[in-house]
Amino acid sequence: MRILIVGSGGREHALAWKLRQSPLVTELFIAPGNGGTALEGTNVPIADDDLPALVAFAREQKIDLVVPGPELPLVLGLKEALVRENIPCFGPNAYAAQLEGSKAFAKNVMRDAGVPTADFAVFDEPADARAYVLEKGAPLVVKADGLAAGKGVVVASTTEEAVAALDEIMGRKAYGRAGDHVVVEECLIGEEASFLCFCDGDTVLPLPSAQDHKAVFDGDKGPNTGGMGAYSPAPVLPASRYDEIIEMVIRPVMREMERRGNPFSGILYAGLMMTAAGPRVLEFNVRFGDPECQPLLMRLDGDLAAIMLACATGRLHEVTLDLKPQTALGVVVAAKGYPGTYPKGMVIEGIQEAEALGDIKVFQAGTRLEDGRTVSTGGRILCVTALGDDLAAAQRRAYEAIAHIRMPDCHFRTDIGAKGLGRS
């Protein structure tokens, strides 16, 4: 198989690393890729939103499967464009991708499907949204409707914070057109968990639970980021509850999408809040999370290429998911200042030393190769991921590996996995 991965982050490095292990894969391309993916395959200088160029490359190179990493190309309709060329694509069509591309769309699907979620209202006029906030009172959650790179969500503990969030999203257009509409919803209390499933419109194969850490600083303090670390499995969502979540959340959404004439295929990712009243869905993603992908793929013991191809061609019932019994934990090493302004071009050393510890993989995100050196290009730079016999061991080994990484002006959280250890 000749495979094209679309994207340039740590998730795409993890996908390339895992797909390269498949005996089915003969050649691997990554568009546009990064310094880590360049070690696994061939980087191609095509942006992830340049659909005509991506389709042309896939056609010319006789690609057997396209694997979009981020949500944007799926929301823009990459799958439909590839289907017209008879090229399989791992992911949903543009209509189904609205489950991530539009929070209002996702909330309406949940309502119609009977999926438990927070009470909500959708607004396209700032005055109406403001009046609703003042009437309801805090705490509330204010969300930009469209794609905002993992941001655009404000948990407001006061009415003033909620109004300020509306001004930022709808007034100052901090997230561009993503803020043309907003969703205002009740604030759920509990612990978050991530639950990802392979789906082909009919069959569901769940991956083990995971937990992401969005806030930039220890103790879940500071602004939200694209993710500062993750681990799997998450004690807050044990394996004994997977079937419950599938029947409560995943299958109802799949039935609703089929009813709407757009069966869901690919990865359906439910972001859950485990409340005292039971699980509630916070959001859906339509691709692997980043950084959840990294620990999840560290635990996957099967052939990812075979699973993805079966998923894309409606044969998911023919495959099984084999998983390593260990826990995996990944810590994101970011540039100081992220998610605000941060330095670029920092030389990164110690990756090979960290990986030499064994059962360690340093996935690269914001990096490039320059004159034989790895240098930083983004805010989230690395995800140092470790396997351990339990959560404590995985956490210890990940931070031992980070001690070998040398890079000026970097930052990482020191408490990834702490909530899970508290439950253990």
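Reader: How many aromatic pairs does the structure hold?

Author: The structure holds nine aromatic pairs, a pair being rings of Phe, Tyr and Trp (its six-membered ring) with centres within 6.5 Å. This is a predicted model, where local features need pLDDT of at least 70, side-chain atom pairs count only at pLDDT 80 or more, and totals for chains, interfaces and linings use all residues. Residues are numbered from 1 along each chain as its sequence is written, and side-chain values use heavy atoms, with hydrogens and water left out.

Reader: Why is the pair of tyrosine 95 and phenylalanine 105 called edge-to-face?

Author: Planes under 30 degrees apart count as stacked, over 60 as edge-to-face and the rest as tilted. Here the planes sit at 90° with the centres 5.3 Å apart, so the pair is edge-to-face.

Reader: And what makes phenylalanine 123 and tyrosine 132 a tilted pair?

Author: Their planes are 50° apart, with 5.1 Å centre to centre, and that counts as tilted.

Reader: How do you know whether phenylalanine 105 is buried or exposed?

Author: Go by relative accessible area: buried means under 20%, exposed over 50%, partly exposed in between (1.4 Å probe, protein chains only). Phenylalanine 105 has 11%, so buried it is, whereas tyrosine 95 at 29% counts as partly exposed.

Reader: How do you know how many disulfides there are?

Author: A disulfide needs a pair of cysteine sulfur atoms within 2.5 Å, and the count by that rule is zero. For cysteine 89, the nearest cysteine sulfur belongs to cysteine 311, 11 Å away. Cysteine 293 is in no disulfide either, with the sulfur of cysteine 383 nearest at 9.6 Å.
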